[in-house]
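User: I am new to this structure. Could you walk me through some of its charged and buried residues?

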Amino acid sequence: MSGDRPSLPPVRLHSEAELAREALASPLLARAALLARWAGPATRVGAGGELADEQLPAAAEHLGLAGDEDGAADASEAWRIAVDTGLVDITDADEDGEAGAAQSDATGTVTAGENLATLTSGSPQDILAVWLDALDAVFADATAPVLEDLAEVIDEDGEIDFGALEWDPEAEADFLEGVLGNLYLLTVASGAAEGPVPLPALAASVIVPDDMGEPTDDVLEQVSDAMMRLDDQFRMLEPVGLVVYRPVDEALMAEAGEDEPDVPQPPVDEEDVSRYGMVGLTPLGLYGVRSRMLEAGVDAPAVGDLVDKGADTLLDGIAYFPEISARGETVLWLARREPATAARELLAAARGADRGAPLRRLRSQQALSLVGPEAEPAVREVLDDVELGGLARVWLAESGASDVPPPPDTMIFWLAIDTIAAQLDADGEPAELQDLVAGLTGQHSGFFDTAWRVRHPSTADVLEAMGRLHPDRKSAKEARKAAFKARSRTGS
């Protein structure tokens, strides 16, 4: 009975101001900004805009990396990010005579880029845009091949021959996007409560088929190979602030079998899992991966997306959200509206005979539970409404209101059918629904004799489901007979 569902659960993001602060504090962007402010017309760059070798020691020293074994490499990487994100601009010497005179053997003049000022005076959204450019650059580096001998893979046109490398750049990018997508899903689904994900489990999530029982040796070898690729890639993605990463323990290389000395095997002891790498998305990483998903056309909702929408869009939007996300979205939506106005909008949006209407009414009832006593007049207005009168009485009773009129039997049964239809749509047929089904039939003798006559679009479907769910065989048989009568009555 379910309709279209979002492909991913909604993510609860930090505010743009908080994310912008995280972006500015990310090691790679912070270093890139430091080098952009350090650089000037005398800074020497190569033909591709890279920092000249003789400049690297001074750049590393400016970053406080002079004594670091990888200081020069880290400075070079930070400079490339400064160039790629527009923190510095490079004017070709050929285009500027004065620059050519000042730097006789240099290839260009370095000036501050427009985005450098953005980092200090731009809006949070502007700062995040610069960070996303940095992420794009690092992602491209992470999915690029390692070229030990560049001359061997350059074709006659001067382009890299990826075939000679046995490297498919599109497939490599798709693989890393898929891994990040799975990590995003695991993080959002758990609310980040479970912490970092073991690297073997993450690699297996994109390698091992869902319907495979025990992985074959070939599949396990693919998982191990993927782990090594991801180990390198996550080491590169951590400095930009996308992930927190505990790398694979290098000692595992020595522990590997003689037949495969360079490939660690997936762990068998849970206590050793962390040695095989642990990775988690940061709050900034959630924002970054979601941004890439949205750009690719993926439906990746976030809590807060619906605050400016109408009640109909809200109820449809949260229909399949996890309970905590639906509540969070509703609280934000209600905060912008007067209680009585919000209640009337919710009740109006809950009406309908379409397949999604029962779940809309359930979400409306849950939303109304968050509205205070100011909503009572609006709720009393629908007491005589066939579709809303039952939930209105429930709300009034739970709110402690007086003078709540008793519902007629037709309304009781209609609400029962509507409630089960909503639960079936939201959750399928979980074991918990058995208790509701058994409780309803236990409270009302001859339940099925009356239920099949209920003029609700989902009556037959609900009775069939009750026949499958009811723990008592006799009652289950009565439910199936009632479903048949309901279909005969409607001709469906």
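User: Is Glu376 buried, partly exposed or exposed?

Analyst: This is a predicted model. Buried means under 20% relative accessible area, and exposed means over 50%. Glu376 has 26% relative accessibility, so Glu376 counts as partly exposed.

User: Which side chain does Glu376 meet in a salt bridge?

Analyst: Glu376 lies in helix 18 (residues 376-380). The salt bridge is 2.9 Å, N to O, and the partner is Arg380.

User: How many residues apart in sequence are the parts that Arg80 and Asp141 tie together?

Analyst: The side chains of Arg80 and Asp141 meet in a salt bridge of 2.7 Å, N to O. Arg80 lies in helix 4 (residues 71-84) and Asp141 in helix 7, so the pair ties together parts whose separation in sequence is 61 residues.

User: Is Arg360 buried or exposed?

Analyst: Arg360 and Asp316 meet through their side chains in a salt bridge (4.0 Å, N to O). Asp316 lies in helix 14 (residues 311-317) and Arg360 in helix 17 (residues 357-368), so the pair ties together parts 44 residues apart in sequence. Asp316 is partly exposed, with a relative accessible area of 47%. Arg360 has 9% relative accessibility, so Arg360 counts as buried.

User: How far from Glu329 is the nearest side chain of opposite charge?

Analyst: Glu329 is found in helix 15 (residues 323-334). A polar atom of the Glu329 side chain lies 3.1 Å from the backbone nitrogen of Leu306. Glu329 is buried yet has no salt bridge. The nearest side chain of opposite charge is Arg12, at 7.7 Å.

User: Which side chain joins Asp418 in a polar contact?

Analyst: Asp418 sits in helix 20 (residues 409-427). Asp418 counts as buried, at 4% relative accessibility. The polar contact is 2.8 Å, and the side chain is that of Arg361.

User: Which residues gather in a patch of negative charge on the surface?

Analyst: One of them, Asp225, lies in helix 11 (residues 217-237). Asp225 counts as partly exposed, at 36% relative accessibility. The patch gathers Asp217, Asp218, Glu221 and Asp225.

User: And which residues form a positive surface patch?

Analyst: One of them, Lys485, lies in helix 24 (residues 473-490). Lys485 is partly exposed, with a relative accessible area of 39%. The patch is formed by Arg453, Lys477, Arg480, Lys481 and Lys485.

Conventions:
Residues are numbered from 1 along each chain as its sequence is written. This is a predicted model: local features need pLDDT of at least 70, side-chain atom pairs count only at pLDDT 80 or more; totals for chains, interfaces and linings use all residues. Side-chain values use heavy atoms; hydrogens and water are left out. Patches are made of residues with over 30% relative accessible area and no salt bridge: like charges are joined within 9 Å, nonpolar side chains (Val, Leu, Ile, Met, Phe, Trp, Tyr) within 5 Å. Accessible areas come from the Shrake-Rupley method with a 1.4 Å probe; for residues, only the protein chains shown count as cover. Lys and Arg count as positive and Asp and Glu as negative; His and the chain ends are not counted. The place of a charge is taken as NZ of Lys, CZ of Arg, CG of Asp or CD of Glu. Helices (H or I, at least four residues) and strands (E, at least two) are DSSP runs, numbered from the N terminus. Buried means under 20% relative accessible area, exposed over 50%, partly exposed in between (1.4 Å probe, protein chains only). A polar contact is a pair of N or O atoms within 3.5 Å; within protein, one must be able to donate a hydrogen and the other to accept it, and residues adjacent in sequence count only if both atoms are side-chain atoms.
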